[in-house]
Amino acid sequence: MSKTLQELANHLGGHVIGDPSVCITGLGTLDSATEGQITFLANPRYAAKVETTAASAIVLPASSETFGRNVIVVDNPYLAFARLLTLFTSRPRRAKGIMSGSFVGEGVAIGIEPSIYPGVTIADGVRLGDRVTLHPGVTLYEGVVLGDDVTLHSGVSIREGCRIGNRVTIHNGTVIGSDGFGYAPNGPSWFKIPQIGNVVIEDDVEIGANTTVDRAALETTLIGRGSKIDNLVQVAHNCRIGENCILVAQVGIAGSVTLGKHVTMGGQAGIADHVTIGDNAMVSGQSGVFNSVAAGAVVSGTPAIPHKVRLKCAAVYPYLPEMRSTLTKLAKRMRKVEEQLELSE
Amino acid sequence: MSKTLQELANHLGGHVIGDPSVCITGLGTLDSATEGQITFLANPRYAAKVETTAASAIVLPASSETFGRNVIVVDNPYLAFARLLTLFTSRPRRAKGIMSGSFVGEGVAIGIEPSIYPGVTIADGVRLGDRVTLHPGVTLYEGVVLGDDVTLHSGVSIREGCRIGNRVTIHNGTVIGSDGFGYAPNGPSWFKIPQIGNVVIEDDVEIGANTTVDRAALETTLIGRGSKIDNLVQVAHNCRIGENCILVAQVGIAGSVTLGKHVTMGGQAGIADHVTIGDNAMVSGQSGVFNSVAAGAVVSGTPAIPHKVRLKCAAVYPYLPEMRSTLTKLAKRMRKVEEQLELSE
Amino acid sequence: MSKTLQELANHLGGHVIGDPSVCITGLGTLDSATEGQITFLANPRYAAKVETTAASAIVLPASSETFGRNVIVVDNPYLAFARLLTLFTSRPRRAKGIMSGSFVGEGVAIGIEPSIYPGVTIADGVRLGDRVTLHPGVTLYEGVVLGDDVTLHSGVSIREGCRIGNRVTIHNGTVIGSDGFGYAPNGPSWFKIPQIGNVVIEDDVEIGANTTVDRAALETTLIGRGSKIDNLVQVAHNCRIGENCILVAQVGIAGSVTLGKHVTMGGQAGIADHVTIGDNAMVSGQSGVFNSVAAGAVVSGTPAIPHKVRLKCAAVYPYLPEMRSTLTKLAKRMRKVEEQLELSE
C-alpha cells in the first residue's frame, strides 16, 4: 500500500507541513523507520529525533519543532500512529462461508458473509449477525445471539442464552456464561443455586484469551460498551461492568460488583463481592478492594487504600524491624529517665 | 409448572401457616415477586417486607412474624429457596445419543442415555456411566473413567487415566490431569520428572471454567466428595482436597498440599507446597499461606496470620509514615532529655 | 522392563558398589520400594534408611554410607531418579497418522510420523516437523511453524505466524499468540493498536495448561530455550523470557518485560511492564515486582524488596498495633518528662 502524506493527513484529520505529495508505504519507530516510512513523536523527550530520523515523515503534536521535515500535525500522535498502523496492516476479510466439518443446528439464523470453520458447533435456534467469524472449536449453546462483525477465536464457548453485541472480538479459549459460583449451605455440604440468568456483552468489547465471565444467578452479568478485558480475567455472576473499562490480565471480580465507566484495574487486582467502583477510578495491580471506591479515586494494596498513602507506607515498610527495635530501646531509656525523675509510668 | 403451597411445603419438609391450596407458579425476591409467586425471607433485616410483598406466599424461619400471610416455615429459608428455584427451573434432560461428528474409540463402554455432541473425542477403552453429557470439543484421553450423571461442558479435557465420580459437573475449558510441574535441576537446565499418577474426582464435585487440576507425580491428586471449585483455579500435583471444600476463583494450590474437610479459600488466595489446612479453616481472599493452618482457624494476608490480628494490623498500616516520623522526633527529644539529665543512651 | 544394576549405572554415568548383575524392574521410594526395585537417597536426613529399605539397590551420592548394600554412586541422585523414572515409564510413541476428522489446509507441510487427531484444524501453509503429535481440538492458524517432536495437547491454539521449536510440549487449552493488550486512548474510548508481531518458542520449552502467551505488537514475544511454564500463566506482549526460566502457576508478566537466564518466579507473582529481571534472580510467590531486579537477587512482597528484609518485616508486622499503642504512650510520657524538666518539645 502506498499513500501520499496528504491522504494520510486527511485520514487522521491532521494537517501537513512540508511536501504533501510524499509517498508513504509503511510505518516504523523514530529509531527503526527507513525512507518511505512514517513515524511518530508521542513522548516530548524524543523531540530531537524528529530532526535525525530516517523516516520520510513524522506525525507530531502542534507544540513540536518540525526541523523543516515533512510532518503531519495532530492532537494525539499515539492515537494517530495506531490508526495508521491499522490502515497499513489490516487485510480485507474474506468470508469463508460455512465450512465442511462445522455443525449448525436447526433454525439457526446466519447473516451475510459468515466464516464458520471446521469444528464449530452451533446449537438450535442460535442467531448470528452479518460477517461473523467463528474459528475452529467455537461452541454456541442454545439461545445465543451474536451481533454483526463478531469474531470468536478458536475454543471460545458462549453458553445458553448469552448475547454478544456488534464488533465484539473474543480471543481463544474464553468462556462466556458458565454458571455463577453459588451454593446454599446444607449441613456440611453445599446445595447448588441454579444460575438461570445470562451474560450480555455490549458493542465494541474485546476480551482476551482464557478469560471467564459467569452468567448471572437470576438476571444479567453485563460487560459495558467499549470495555477491554485481557487474558485470564474472572468476572463473576451478577457483575455490571461499565463502559470503556480496562481490566488487565488475571484480574478477579467477585459476584455482584458494579464498575462505573472508564474504570482501570491493573493486573491480578481483585474486588470483593458487592463492591461498587466509581467512574474513572483506578485500581493498581495486585490490589485487593474490599470496600467501595469513589469516582476518580486511585487505590492500591490489600486492603486497598489511596495509592499515594500506600506508596508512602510501602516506603516505610522495610524500616519496620528498625522501628520496633528503636521503640524498645526508647521505652527502656524512658524508664531510666522516669526513674531518675521519680516519675511513674 | 404450578404447585400448591402444601405440595411445596412437602417438598421442603416445612409446614404451611395459612391456605395450603394457594397455587404457586414461580419465584421472586421480596421486592420483585408478583401474585402467584413465592418468595423467601433469609435476612431478618427485611422481616417487615413479609407484610408488604406482592408475593402469594413466603418461605420464612419459625422465628419470623407471619403478618397473617400464607407462609411455609422451614429451618433454612435460603436453602429452601435454592431448592424451589431448582424445582421450578430444572428442565428434564433429553438424551441426544451419540451424535454425528463425535469420535468414539475402540472398546469404549457407554452407559444408558448418553448425550455425546459433535467434536467430542473419546480414546480407546474409556468407560462412561449412565446419562453422561459431553458437550462439543470434550476430549477424553485413554483410560478415563466417568461415573453416572456426569456433565462435561465444551472444551473440557480429561487426561489419561483420570477418574471422575457420579453427578460431577465440569464447566467449559477446564483441564483435569495435565502434567504436574516437576523438574530436577540438571546443571543450568531442567530435567522433566515423569508425571505418571492421575487425578480422582469424587462424587458431587462441581468445577468451574478454565480451571486446571494436575495429575500426581506417582500417585493421585484427589478432589474430595462434594467440593466446589470456581473458575481459573490451579490445583497442583499430589494435592488432596477434602470433602465439601470451597475454592473461589483464581485460587492457587501448590504441590502436595492437603486440605481437610469443608475448607473455604477466598478468591486469588494461594497455598505454598506441602502445607496442611485443617477442617473448616477459612483462608481469606488474596492470602498467601506458607505454613500449616489449624482446624477452624481463619487466616488472611501474605504471609497469612490470624484474620482478626490481620484486620487490626491493616488498620494501623496507613499510619506507618506518621509512626516513623513520631519515632524519629521522640528519639531526638529523648536525647535532649538525657543530655539535660546527664544520662548516657 | 528389566535392567541390571550395571546397565542402569551406565545409563546414569555412575558406578556400582556391590553386585552389578542384580536385576531391577522398577522404582520406589525408600519407604515403598520392594524387592527388585531401585530407590534413591537425595536428602541426607534419611541416610539411615539405606540400611533398612526393602529395595534391591539404592542410588546415592559419594558421601553416603552404603551399609554393604548394592548401590549406584552418582553426583545428583534426584536427577538420577528422574532419569530412571523416565527410563522405566516412557512408552514408545506410536504414530497415528492423519486421522479422520482432522482438517488440514492447503499447502501444509507435514514431517514424518505425525499423530494428528480428530478435531485438529491446520490452516493453509502451516509447516510441521517430524513426529508431531496434535491432540483433538488443536488449532494452528496461518503461518504457524512447528519443529520436530512437538506435542500439543487438546485444545491448544497457536495463532497466526507463531513459531514453535523442537521438543516443545504444550498442555491442554493453552493459547500462544493471542493479541497483546494495547489500546490508545481516544477520548473516553479505546482504539485498538494492531498486534502484528508473533510469538517464538525455542527448543525444549514445556508449557502447562490454560496458559496464555500474547503476540508482540510489532516484533516477537520470546520464550527462551529450556524454560518451563506452569498452568494459568500470563505472558504479555513483547516479553523476552530467557533460557531455563521457571514460571510457576498463575504468574503474570506484563508487557515488554525482560527475564534473564534461569529466573525463577513463584506462584501468583506478578511483574509490572518494562521491568528487567537479571539472571538467576528469584521472585517469591505472590510478589509484585515494580522495579528491575539485579542478577542473583531474591525478592518478595508487593512491592518486592529483598527477601531477607521482607521476612524480617513480615515477622514484625503483627506487632504493628502494639507498636502504635506503645508509641502513643511514649509520647505522652515524654511530654510529662519534658514538662518536669521545663523543656519545650
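**Close-ups of a predicted three-chain model**

**View 1. Helix α5 of chain A meets helix α5 of chain B.** The axes of helix α5 (residues 320-341) of chain A and helix α5 (residues 320-341) of chain B come within 10 Å and cross at roughly 30°. Axes here are lines fitted to C-alpha atoms, for helices over the stretch in contact, with angles running from 0 to 180 degrees between N-to-C directions. Helices (H or I, at least four residues) and strands (E, at least two) are DSSP runs, numbered from the N terminus. α5(A) and α5(B) are therefore roughly parallel to each other (angles under 35 degrees count as roughly parallel, over 145 as roughly antiparallel, 65 to 115 as roughly perpendicular and the rest as oblique). From α5(A), the contact takes in Met323(A), Leu327(A) and Leu330(A), among others, and α5(B) brings residues including Met323(B), Leu327(B) and Leu330(B). Two residues count as in contact if their C-beta atoms, placed from the backbone, lie within 7 Å. Sorted by class, the residues of this contact are eleven nonpolar, two polar and three charged. Ala, Val, Leu, Ile, Met, Phe, Trp, Tyr, Cys and Pro count as nonpolar, Asp, Glu, Lys and Arg as charged, and the others, Gly among them, as polar.

**A note on the model.** This is a predicted model, in which local features need pLDDT of at least 70 and side-chain atom pairs count only at pLDDT 80 or more, while totals for chains, interfaces and linings use all residues. Residues are numbered from 1 along each chain as its sequence is written, and chains are lettered from A and ligands numbered from 1 in the order in which they are written.

**View 2. Helix α5 of chain A meets helix α4 of chain C.** Here the axes of α5(A) and α4(C) come within 8 Å and cross at roughly 50°. That makes α5(A) oblique to α4(C). Leu320(A), Pro321(A) and Arg324(A) touch Lys312(C), Cys313(C) and Val316(C) as the two helices make their contact. Four of the residues involved are nonpolar, none polar and two charged.

**View 3. Chain C against chain B.** In this view, 54 residues of chain C are in contact with 51 residues of chain B. α3 (77-89) and α5 of chain C each supply at least two residues of chain C's side. Again α5(C) has the largest share, eleven residues.
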